[in-house]
Amino acid sequence: MDILRAIGNTSMVRLRSVVPLGCAGVFAKLEWENPTGSVKDRMAHAVISRAEQDGRLKPGDTVVEYTGGSTGASLALVCAAKGYRLRIVSSDAFSREKLDHMAALGAELTLVRSEGGLTTKRLILDMIDTARELSREPRSHWTDQLNNQDSVAGYRALGEEIWSQTKGEIDAFVHCVGTAASLRGVATVLKLRDPRIRVVAVEPAESSVLLGGQAGPHKIEGVGIGYLPPLWEPALVDEILPVTTDDAKAMARRLAREEALFAGTSSGANVVAAIQLAARLGPGANVVTLMADSGLKYLTTDVYRRR
């Protein structure tokens with residue numbers, strides 16, 4: 001069996017301890033069950049496969065991308081399985097585990113220095129510019145995740161899995177926005193199944209640009225790029241909830257200790273927002289969110305590092 005066939009069909013569990021009484025049910029899709037421990041395996045497989053199919057990517061070509069880490073590890077997995085060279089632009093703003101994971105799978109890293117280890121709009125733009133320069137070299141294919149429509153298609157199966165696993169009994173889907181591809185891919189499927197399903201986008205409160213606020217530094221890795229992502233589709237979104245970095249980290253720790261769910265910071269943000277919505281919807285409703293990646297990617301960060 002090809003390792004790429006192990007992508008998808010992840011488990012879903014109900015949160016028991018962190019959700020207060022009187023709330024709707026909150027269910028989490030365990031996306032760390034994908035081979036690299038991240039939801040991004042879905043989009044990486046899609047963008048590489050689709051580029052191969054239409055001839056944009058040919059044997060012997062080099063794949064180029066900018067990433068905070070999870071997309072890079074996912075692309076490294078797919079490129080290793082398919083035999084492509086991969087050049088990744090990343091930064092010291094992202095966890096050591098993510099950088100080492102990419103390199104272990106064969107990615108060649110170019111690191112852009114951050115402002116004090118924080119995710120900022122300037123950092124994202126600098127990473128994009130660096131990737132653009134690398135992509136100009138001969139036989140290079142830039143997957144350009146912020147603009148690549150193929151990545152949206154990679155998440156449609158996730159939407160179908162959620163619909164199937166809930167047997168259609170889902171009232172809301174809640175998820176953080178980075179490139180916006182995962183939210184858009186899932187929301188498109190769920191809204192087609194039932195237009196009444198509420199879709200809630202989550203963003204860092206310190207950089208609440210989706211709500212019209214100012215961009216600012218934050219430490220929820222992989223989300224909140226500081227400007228509207230090109231793939232953002234507001235027509236699919238019913239509500240936007242901001243979550244602070246501190247609250248996201250605190251919930252990630254609670255999920256590990258109280259639910260035995262070992263997840264990253266954006267997953268903590270997802271659950272904070274999902275509980276806020278669940279409190280309003282009340283008993284009898286069902287809210288679904290994602291454990292976007294594994295806590296193993298954050299062991300040396302202040303989310304889990306022993307003080």
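1. The model is predicted: local features need pLDDT of at least 70, side-chain atom pairs count only at pLDDT 80 or more, and totals for chains, interfaces and linings use all residues. Residues are numbered from 1 along each chain as its sequence is written, and side-chain values use heavy atoms, with hydrogens and water left out.

2. Four strands form an open sheet in the order β5-β4-β3-β6, with parallel pairing. The edge strands, each pairing on one side only, are β5 (108–112) and β6 (140–142). From one strand to the next the twist averages 20 degrees. Strands here are DSSP runs of E, at least two residues, and helices are runs of H or I, at least four residues, numbered from the N terminus. Two strands pair if DSSP finds at least two bridges between them. Strands of a sheet pair through backbone hydrogen bonds, either parallel or antiparallel.

3. Strand β4 (residues 85–91) pairs with β5 in the parallel sense over five bridges. In this pairing, E108 of β5 is the bridge partner of R87.

4. Helix α2 (residues 70–82) lies across β3 (62–66) and β4, and runs at about 170 degrees to β4. Axes are lines fitted to C-alpha atoms, for helices over the stretch in contact, and angles run from 0 to 180 degrees between N-to-C directions.

5. S91 lies in strand β4. Is S91 buried or exposed? S91 is buried, with a relative accessible area of 0%; buried means under 20%, exposed over 50%, and partly exposed in between (1.4 Å probe, protein chains only). Leaving aside neighbours within four places in sequence, S91 is in contact with L99, L111, V112, R113, S114, L123 and M127, where contact means heavy atoms within 4.5 Å. A polar atom of the S91 side chain lies 3.1 Å from the backbone nitrogen of A93.

6. T120 is found in the loop between β5 and α4 (121–135). T120 is also buried, with a relative accessible area of 11%. Apart from neighbours within four places in sequence, T120 is in contact with E115, P217 and I225.

7. Helix α9 (residues 265–281) has 17 residues and reaches 24 Å from its first C-alpha to its last, close to the 24 Å expected at 1.5 Å a residue. That expected span is 1.5 Å times one less than the number of residues. Helix α9 is mostly covered, with 13 of its 17 residues buried. G282 follows α9 and has a positive phi, near 80 degrees.

Definitions and conventions
A polar contact is a pair of N or O atoms within 3.5 Å; within protein, one must be able to donate a hydrogen and the other to accept it, and residues adjacent in sequence count only if both atoms are side-chain atoms.
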